Amino acid sequence: MSEFWLISAPRDKENLQALKRMNTVTSKSNLSYNTKFTIPDFKVGTLDSLVGLSDELAKLDIFAESLIRRMAQSVVEVMEDAKGKVQENLLANGVDLIDR
């Protein structure tokens, strides 16, 4: 079993020098791999816009679920002659979506 640590430090000149020194020490004995990881800026400007996006996501979730249910009903109607294979054709990557 491997253990992973994520350590964060401010991105100023002093900490970048500390990262370089740490890389020098740990790379010789293969103790760790250290790298800079840039975290992108938060894309949502205000709390109001975040709440609006959350509401929109809930609406889209309901729409997608109803669309998938209608598609499943269409598959059942089209495969009326092969009722035994209907359930097999309603799987996604071998997983029953109702149970997920």
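**Entry 1**

**Entry 2: What I am reading**

I note that this is a predicted model, in which local features need pLDDT of at least 70 and side-chain atom pairs count only at pLDDT 80 or more, while totals for chains, interfaces and linings use all residues. Residues are numbered from 1 along each chain as its sequence is written, and side-chain values use heavy atoms, with hydrogens and water left out.

**Entry 3: The overall fold**

I find three helices and two strands in the protein, and along the sequence they follow the pattern α-α-α-β-β. The radius of gyration, taken over C-alpha atoms, is 26 Å, well over the 13 Å that the globule rule gives for 100 residues, so the protein is more spread out than a compact globule. For my own reference, the globule rule is 2.2 Å times the number of residues to the power 0.38, and helices (H or I, at least four residues) and strands (E, at least two) are DSSP runs, numbered from the N terminus. Along its principal axes the C-alpha trace spans about 70 × 40 × 15 Å.

**Entry 4: Surface and charge**

I looked up how much of the protein is covered, and buried residues make up 6% of the 100 residues. The accessible surface, from the Shrake-Rupley method with a 1.4 Å probe, comes to about 9,900 Å², and 59% of it belongs to carbon and sulfur atoms. Counting Lys and Arg as positive and Asp and Glu as negative, without His and the chain ends, I have 13 positive and 15 negative charges, whose mean positions are 14 Å apart.

**Entry 5: Helix α2**

Helix α2 covers residues 47-78, and Val51 has its place there. Val51 is partly exposed at a relative accessible area of 43%, and together with Leu47 and Leu50 it makes a nonpolar surface patch of about 270 Å². Such patches are made of residues with over 30% relative accessible area and no salt bridge, with nonpolar side chains joined within 5 Å and like charges within 9 Å.

Which residue forms a salt bridge with Glu65? I found Arg69, with the closest N and O atoms 2.9 Å apart, and a salt bridge here is a side-chain nitrogen of Lys or Arg within 4 Å of a carboxyl oxygen of Asp or Glu. The structure holds one salt bridge. Glu65 and Arg69 are four residues apart in helix α2, and are therefore separated by about one helical turn. Glu65 counts as partly exposed at 39% relative accessibility, whereas Arg69, at 56%, counts as exposed.

**Entry 6: Two further distances**

Ala18 belongs to helix α1, residues 13-28, and counts as partly exposed at 29% relative accessibility. Its C-alpha atom is separated by 16 Å from that of Leu31, which is 13 residues away along the chain.

Lastly I looked at Met79, which counts as buried at 18% relative accessibility. Met79 and Ser29 are 50 residues apart in sequence, and from C-alpha to C-alpha they are 63 Å apart in space.

Technical notes. Buried < 20%, exposed > 50% of the residue type's maximum accessible area, 1.4 Å probe, protein only. Charge placed at Lys NZ, Arg CZ, Asp CG, Glu CD.
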